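Subject: The structure we talked about

Hi,

Here is the structure I promised to send over. Have a look at it first, and then read on for what turned up.

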Amino acid sequence: MTAAPPPRIDAHQHFWALSRGDYGWLTPAMAAIHRDFGPGDLAPLLREAGITGSIAVQAAPTEAETRYLLGIAAAESGVLGVVGWSDLEAPDAPDNLRRLAADPLLVGLRPMLQDLPDDDWLLRPALLPALEAMQALGLVFDALVKPRHLPHLLRFAEAHPDLPIVIDHLAKPAIAEGPGSRSWQGWADGMAALARLPHVHCKLSGLATEAAPGWTAGDLRPYLALALGHFGPDRMIWGSDWPVLRMAGTYPGWCAATASLLAPLPPGAQAGILGGNAARIYLGKRGRQGGQEPC
């Protein structure tokens, strides 16, 4: 009997309903994404790309939205897990986390660090009880950060060596400015330092929206090359950032661009980035196991 092929997973996508009223960042000026997006919108894109499962990620800083996503996941077998949100500073945060994590489809939490006024918020002592609870519950910490946060994230990661951390969108480097820009070195140094810690991973996602209009795979290549060189293929995770992706490209376009960028890697390394690593890091203890059909 032959072994089943590794899963193909979109490890970073969103659903939202505007009537919920908790997406403060989502304004009518964002015409390409200012409408409801649900599983029925994503399913044909996944089928076309040969992707058999996804991880839904929070887009609002409310537990109500997390429960909304968990409800979708309960009804949709293709949603393998949810990275949600909870107030990690709340005095009763550990109890809140245990209640949320009673649903095994919760696989991680993501404070929206890029939107907080204090860049070093994640170093606050008040977070420690919640972080200990996350670790005990087997939850992943998704870090929605920008390059300016990387020194703080490094101190955070060093202080929590047993908490799996995933850096979303390669920390949003300023791709539109190019690798020769003043911003490149700070981002590159920050990523290199974090990559020395084996419990830190990063997502190949969200890069299109950081690139200039008309971007090509070549514009992204230096950034992926640096991340791959430091983290290696075993700690890279592929995601689409759909529907935010619609602001800068299409789902098939993103799949094609990343396939081109990953083509020089051995098949096993590609399979890990495209799904195997997400299954191991997010779904090893919680969530659903991904599908078994290849892309």
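Predicted model: local features only at pLDDT ≥ 70, side-chain atom pairs only at ≥ 80, totals over all residues.

**Strands and crossovers**

Let's start with strand E1, residues 9-13. Five of its five residues are buried, so E1 is largely enclosed by the rest of the structure. E1 runs parallel to E2, and three bridges hold the pairing.

To get from E3 to E4 the chain goes through helix H3 (residues 93-101), in a β-α-β crossover that is right-handed.

E4 also pairs with E5 (residues 140-143), in the parallel sense and over two bridges. Leu109 has Phe141 in E5 as its bridge partner. With helix H4 (residues 128-137), E4 and E5 make up another β-α-β unit, and that one is right-handed too.

**The nonpolar cores**

Phe141 turns up again in the largest nonpolar core, which has 87 residues. Which of them touch the most other members? They are Phe141, Leu153, Ile167, Trp187, Met191, Met236 and Tyr251. Helix H7 (residues 217-231) is the biggest contributor to this core, giving eight residues. There is also a second, separate core of 15 residues, with Ala11, Ile237, Ala279 and Leu283 among them. As background, nonpolar side chains in soluble globular proteins tend to be buried together.

Setting aside residues up to four places away in sequence, Tyr251 touches Asp10, Leu42, Leu45, Leu46, Ala49, Ile51, Trp238, Ser240, Trp242 and Leu245.

**Charged residues**

The whole structure has nine salt bridges. One of them joins Glu89 and Arg124, with the closest N and O atoms 3.1 Å apart. Glu89 is in the loop between E3 and H3 and Arg124 in the loop between E4 and H4, so this pair ties together parts that lie 35 residues apart in sequence. Both ends are partly exposed: Glu89 has a relative accessible area of 29%, and Arg124 has one of 31%.

Now go to Lys203, where the setting is a buried one. Lys203 makes a salt bridge with Asp142, and the closest N and O atoms are 2.9 Å apart. Since Lys203 belongs to strand E7 (residues 200-204) and Asp142 to strand E5, the pair ties together parts 61 residues apart in sequence. Are these two buried or exposed? Lys203 counts as buried, because its relative accessibility is 0%, and Asp142 is buried with a relative accessible area of 0%.

Lys203 has another partner in Asp168, at 3.5 Å from N to O. Asp168 lies in the loop between strand E6 (165-167) and helix H6 (182-195), 35 residues from Lys203. These two are both buried. Through shared partners, salt bridges join Arg110, Asp142, Asp168 and Lys203 into one network.

What about Asp241, then? Asp241 is buried yet has no salt bridge. The nearest side chain of opposite charge belongs to Arg110, at 6.1 Å, and a salt bridge would need the nitrogen and oxygen to be within 4 Å. You'll find Asp241 in the loop between strand E8 (236-238) and helix H8 (251-262). Leaving out neighbours within four places in sequence, Asp241 is in contact with His12, His14, His169 and Gly206.

**Two more positions**

Ser54 is in strand E2. With a relative accessible area of 1%, Ser54 is buried. Apart from residues up to four places away in sequence, Ser54 touches Ile9, Asp10, Gln13, Leu42, Gly78, Val79, Leu80 and Gly81.

Gly218 is in helix H7 and is partly exposed, with a relative accessible area of 37%. Its C-alpha atom is separated by 12 Å from that of Leu207, eleven residues away along the chain.

Cheers

Conventions. Residues numbered from 1 in each chain as written. Heavy atoms only, no water. Right-handed = clockwise from strand over helix to strand, strands pointing away. Helix = DSSP H or I, 4+ residues; strand = E, 2+ residues; numbered from the N terminus. Pairing = 2+ DSSP bridges. Core = buried A, V, L, I, M, F, W, Y, C linked by side-chain atoms within 4.5 Å. Buried < 20%, exposed > 50% of the residue type's maximum accessible area, 1.4 Å probe, protein only. Contact = heavy atoms within 4.5 Å. Lys, Arg positive; Asp, Glu negative; His and termini not counted.
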